Amino acid sequence: LVLLLALVLVRGILYAFLSPPWQGPDEPTHYHYLAALAADDQILPASIPVLPDVYAAVWENASKYRIWDYTDWPIRGYIREVAPEERFLARAGGLYYRYLFPVYELTRSWPLESQLFALRAWSAVLNTLTVAAVYALARTILNDDTRRERALAWAAAALIAFRPMAMFIGASLNDDNLVTPL
């Protein structure tokens, strides 16, 4: 099991670093939301302010990495103007983003793409927790300590570990990543 978990972690980190910047689903929006939530001092806000400078910087950086070429944007190169008084609705307390706060705080002074890669790698840890949780759940359900049941629990964990799309999403900046280990 330890070898499988190490493989999942290494694979997740490889996905995090080999996927082009901002190519995970909605990564620019998730990054901006993380930055806005970190700038807000409320514990459970109903809404958080849009940060026009961060918003513009993220989309400018995403454009540098040709986000328009890899997605199905209706208008290529269009970056919506945001007003300083605009607000985001809070997303279920922002638990995923709060999980990312330590890495975000450590990397705040880094270039955006470097921050993104560090946040993706930290997010990839959640995939490892998911695989461990599946193994533990299977061992609980298959409560006889036989070789067959240990093998079935390991197979269940391996089945979860090697889903390519789940690994890609799990190694991107996306708040869905906290759902699977929970």
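Two residues are taken to be in contact when heavy atoms of theirs lie within 4.5 Å. In this predicted model, the term applies to N177, a residue of the segment that follows α8. Once neighbours within four places in sequence are left aside, the contacts of N177 are with Y96, S123, L126, I169, G170 and S172. N177 has a relative accessibility of 5% and therefore counts as buried, the limit for that class being under 20% relative accessible area.

Helix α1, which spans residues 2–18, consists of 17 residues and extends 24 Å from its first C-alpha to its last, close to the 24 Å expected at 1.5 Å a residue. The buried residues of this helix are L4, L5, V8, R11, G12 and A16. Because these residues cover an arc of only 140 degrees around the axis, they are placed on the same side of α1. In general, an α-helix has 3.6 residues a turn, so residues three or four places apart point the same way. The cover over the buried residues of α1 includes α6 (112–141), α7 (147–161) and α8 (164–170).

On the other side of α1, by contrast, V2, L3 and L18 are exposed. L18 also takes part, together with V10 and L14, in a nonpolar surface patch of about 320 Å². L14, likewise found in helix α1, has a relative accessible area of 47% and is therefore classed as partly exposed, since exposed residues are those with over 50%.

Technical notes. Residues numbered from 1 in each chain as written. Predicted model: local features only at pLDDT ≥ 70, side-chain atom pairs only at ≥ 80, totals over all residues. Heavy atoms only, no water. Patch = residues over 30% accessible without salt bridge, like charges linked within 9 Å, V, L, I, M, F, W, Y side chains within 5 Å. Areas by Shrake-Rupley, 256 points an atom, 1.4 Å probe, with all protein chains shown as cover. Salt bridge = Lys/Arg side-chain N within 4 Å of Asp/Glu carboxyl O. Helix = DSSP H or I, 4+ residues; strand = E, 2+ residues; numbered from the N terminus. Buried < 20%, exposed > 50% of the residue type's maximum accessible area, 1.4 Å probe, protein only. Expected span 1.5 Å × (residues − 1). Arc of directions from axis to C-beta.
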